[in-house]
Structures are given as C-alpha cells and as structure tokens.
Amino acid sequence: GHVLKRVSTEDKCDNLIDCVLESLTTSKLSIHLLETLLEHLQEHGDAITTSRGWEHVLSILTQSSSSSLNECIALGFRCLEVVVGEFLPNMVASNVSAKRIVRSLLEFASQRKIVNVSLSAVNLFWNVADHVKSVEIKEVLMGLRKVAVDSRPDVRNCAMRSLASTIVSSGSNFRIHPEWTF
C-alpha cells in the first residue's frame, strides 16, 4: 500500500517560500507578490512575531534585490524600509540576528541597477545600529565596511559617512572585543 506522508503547515510554508524565491528574480508575478507583501507589512506587520516569520520576509526581500526588474528592486526595498523603519524592535525581540538584517541591507546597497536604492540602504544601517545589542554592532560596522569600498563614488562616500556617524553615535554603547577582526 501507499504510505501517506503527513506534511506539516511549516513544511508547506517553507515549500511555498522556496517556490516564491525561485520566481522572484525575473517573474512579473513577483511585482504583485511584493505589492501584496508591502500592503501586508503596512497593515499587519506587527502580526509577525517569530524569527522564522521575519526570516521568510527577509529572504523574499533579499532575493528581490537581484531581480532583473527595476520595479521589483524598488518594491522590495520599499518593503525593507518599512521593516527596518517600523518593525526593527519586533525583529530584535524575535531574536533575528543583526547579521541577517545587515545581509539584506548589504544586498540592496550592493545592487547596481538603482543607485538611490543603494544610497538609501546605506542610510538604513544607522537604524539597525541604534537597535542592536552592543555585541552585534560589529555586524553593522562590517556591512558598512563592505559598502565603503563600492566602485560607485556616491555609494562609497555615503557608506563612509554612515560608518563614521555610526561609530561616533554608538561608540559609547559598545566595546571593541579583542576577537573582532576588521
């Protein structure tokens, strides 16, 4: 006989997320998905209360940063602005690591299609620095360091200013640990 495999709701969600991520780089359907995600974040973002939920959101947004469609990049970044601007404390409370948030910002800062998205992403690093624990400030500084060597002068200069501002504003909140390597 056939053995029926019971599929959990979490497994179904993971499979759906994987399918969505695969289609995000080229599909025009991704524009609709990102519009829906933006609307959901604006209206019900506070309903996301687990690190797993935020990880899925960040995965979708990070993937959109490498889309061939400018509209996808712009929509994905708009979603990320909402996430960082309105839900960063929720994410930190849900134990989402600064490293994961920085990775999403770094992807948008490094994309080459829309320079204003890159510049705005660099500026969001400061928001993250204000909300993370002192032990995680290294992740923010490392992310800014990577963008500070970007070949585009505007992006590089913006990253250098943000890096300096973050160090000045957060300097009293963290201690350099001997194991940190830059």
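Reader: Which residues line the second largest pocket of this model, and what is its volume?

Author: In this predicted model, the second largest pocket is lined by K99, V102, R103, L106, K138, E139, M142, G143 and K146. The volume of the second largest pocket is about 170 Å³.

Reader: Which helices supply the lining, and which of them gives the largest share?

Author: Helix 5 and helix 7 each supply at least two residues of the lining, and the largest share, five residues, comes from helix 7.

Reader: Which residues of helix 7 are buried, and against what do they pack?

Author: The buried residues of helix 7 are I137, V140, L141, M142, G143, L144 and V147, and the buried residues of this helix pack against helix 5, helix 6 and helix 8.

Reader: What is the secondary structure of the protein, and in what order do its elements run?

Author: The protein comes to eight helices and zero strands, so that, from the N terminus on, its elements run α-α-α-α-α-α-α-α.

Reader: How many residues does the largest nonpolar core have, and which have the most contacts inside it?

Author: The largest nonpolar core has 52 residues, and those with the most contacts inside it are W54, L61 and V128. Two or more residues each come from helix 2 (29-44), helix 3 (51-64), helix 4 (70-93), helix 5 (98-110), helix 6 (115-131), helix 7 (137-147) and helix 8 (153-170), and helix 4 gives the most, with 12 residues.

Reader: With which residues is L61 in contact, once its neighbours within four places in sequence are left aside?

Author: L61 is in contact with L34, L37, G76, C79, L80, V83 and F108.

Reader: How do you know whether F77 is buried or exposed, and with which residues is F77 in contact?

Author: The relative accessibility of F77 is 4%, and since buried means under 20%, F77 counts as buried. F77 lies in helix 4, and its contacts, leaving aside neighbours within four places in sequence, are F108, V117, S120, A121 and L124. F77 and F108 are 31 residues apart in sequence, and their C-alpha atoms are 7.1 Å apart in space.

Reader: What makes L163 buried or exposed, and where is L163 placed?

Author: L163 has its place in helix 8, and its relative accessible area of 16% is set against a cut-off under 20%, so L163 is buried. Leaving aside its neighbours within four places in sequence, L163 is in contact with L141 and L144. Between L163 and N123, 40 residues apart in sequence, the C-alpha to C-alpha distance is 9.6 Å.

Reader: What is the phi of N95, and why is N95 called buried or exposed?

Author: N95 has a positive phi of about 70° although it is not a glycine, whereas most residues other than glycine have a negative phi. The place of N95 is in the loop between helix 4 and helix 5. Its relative accessibility is 60%, and exposed means over 50%, so N95 counts as exposed.

How values were computed: Residues numbered from 1 in each chain as written. Predicted model: local features only at pLDDT ≥ 70, side-chain atom pairs only at ≥ 80, totals over all residues. Heavy atoms only, no water. Core = buried A, V, L, I, M, F, W, Y, C linked by side-chain atoms within 4.5 Å. Buried < 20%, exposed > 50% of the residue type's maximum accessible area, 1.4 Å probe, protein only. Helix = DSSP H or I, 4+ residues; strand = E, 2+ residues; numbered from the N terminus. Contact = heavy atoms within 4.5 Å. 1 Å grid on protein atoms, 1.4 Å probe; cavity = no way out; pocket = protein on both sides within 12 Å on 5 of 7 lines; lining within 4 Å. Points joined across faces, edges and corners; volume = space filled by probe spheres on them.
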